[in-house]
Amino acid sequence: MARADFYLIDKPRFREQPLLLVCELARRAYASQQPTLILVRDEEQAEAVDELLWAFDEEAFIPHQLAGDADDASTAVLIVPPGTETPDRPLVINLREEIAAGEYQRVLEVIAADPSEREGSRQRWRQYQARGLALAKHDM
């Protein structure tokens, strides 16, 4: 059964820079050899995730790139802006305001501390529930 995990940011470390949690989740995914899509909201966020994946930890190496070129199939983590088509992958980290489309085994919803973000997450929770996904919440 597919699963949706909601990561609600509350710790100061992630409150100030929510994309750090995205990097931590991508690191875990790469370590467990799960091909991953990071669905970002726009090009600006795509660039920010790309830069942070290089810089967030000097010890970490996470092969990643912006989706849309010939190396996509062989890259562990793809950062996907809206309008970019990619094949489905088993794991999706979703930063968008709508639920993740496509087929996957697990979707990780990263929810910033902002109250407006929390309201959108409640709607996505109900939509994933209606699709029959198992749901879990994690306070970060």
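Here is a chat about aromatic pairs, a helix, a backbone angle and salt bridges in a predicted model.

Q: Hi! Let's start with rings. How many aromatic pairs are found in the whole structure?
A: Hi! A search of the whole structure turns up 3 aromatic pairs. One of them is Phe6 with Tyr128, an edge-to-face pair at 6.0 Å centre to centre, with 75 degrees between the planes.

Q: Nice. Where do Phe6 and Tyr128 lie?
A: Phe6 is in strand S1 (residues 3-8) and Tyr128 is in helix H4 (residues 115-130), so the pair ties together parts that are 122 residues apart in sequence.

Q: And is Phe6 buried or exposed?
A: Phe6 counts as buried because its relative accessibility is 2%. Tyr128 is buried too, at 0% relative accessibility.

Q: What about Trp54 and Phe61, how are those rings arranged?
A: Trp54 and Phe61 form a tilted pair, 6.2 Å centre to centre and with 45 degrees between the planes. Both Trp54 and Phe61 are exposed.

Q: Which residues make the nonpolar surface patch?
A: Tyr30, Trp54 and Phe61 make that patch, which covers about 360 Å². Tyr30 sits in helix H2 (residues 19-31) and is partly exposed, at 35% relative accessibility.

Q: OK, switching to H4. How far apart are its end C-alpha atoms?
A: They are 23 Å apart. At 1.5 Å a residue, the 16 residues of H4 should span 22 Å, so the two values agree.

Q: Which residues of H4 are buried?
A: Glu117, Gly120, Ser121, Arg124 and Tyr128 are the buried residues of H4. Looking down the axis of H4, these fall within an arc of 105 degrees, so they line one face of the helix.

Q: Why would residues three or four places apart point the same way?
A: An α-helix has 3.6 residues a turn, so residues with that spacing point the same way.

Q: And which exposed residues are on the face of H4 turned away from its buried side?
A: That face carries Pro115 and Ala130.

Q: Let's do backbone angles. What is phi of Gln33 near?
A: Phi of Gln33 is near 60 degrees, a positive value in a residue other than glycine. For context, most residues other than glycine have a negative phi.

Q: Where is Gln33 found?
A: Gln33 is in the loop between H2 and strand S2 (36-39). Gln33 counts as exposed because its relative accessibility is 71%.

Q: Last topic, charges. How many salt bridges does the structure hold?
A: It holds 11 salt bridges. Among them is Arg15 with Asp10, at 2.7 Å from N to O. Arg15 is partly exposed at 46% relative accessibility, and Asp10 is partly exposed at 45%.

Q: What about Arg13 and Glu24, how do their side chains meet?
A: They meet in a salt bridge of 3.0 Å, N to O. That pair links distant parts of the chain, with Arg13 in helix H1 (residues 12-16) and Glu24 in helix H2, 11 residues apart. Arg13 is partly exposed at 47% relative accessibility, whereas Glu24 is buried at 15%.

Q: And which residue does Arg27 form a salt bridge with?
A: Arg27 pairs with Asp57, and the closest N and O atoms are 2.5 Å apart. Arg27 is in helix H2 and Asp57 is in the loop between helix H3 (43-55) and strand S3 (64-66), 30 residues apart. Salt bridges that share partners join Arg13, Glu24, Arg27 and Asp57 into one network.

Notes: Residues numbered from 1 in each chain as written. Predicted model: local features only at pLDDT ≥ 70, side-chain atom pairs only at ≥ 80, totals over all residues. Heavy atoms only, no water. Patch = residues over 30% accessible without salt bridge, like charges linked within 9 Å, V, L, I, M, F, W, Y side chains within 5 Å. Areas by Shrake-Rupley, 256 points an atom, 1.4 Å probe, with all protein chains shown as cover. Salt bridge = Lys/Arg side-chain N within 4 Å of Asp/Glu carboxyl O. Helix = DSSP H or I, 4+ residues; strand = E, 2+ residues; numbered from the N terminus. Buried < 20%, exposed > 50% of the residue type's maximum accessible area, 1.4 Å probe, protein only. Phe/Tyr/Trp six-rings, centres within 6.5 Å; stacked < 30°, edge-to-face > 60°. Expected span 1.5 Å × (residues − 1). Arc of directions from axis to C-beta.
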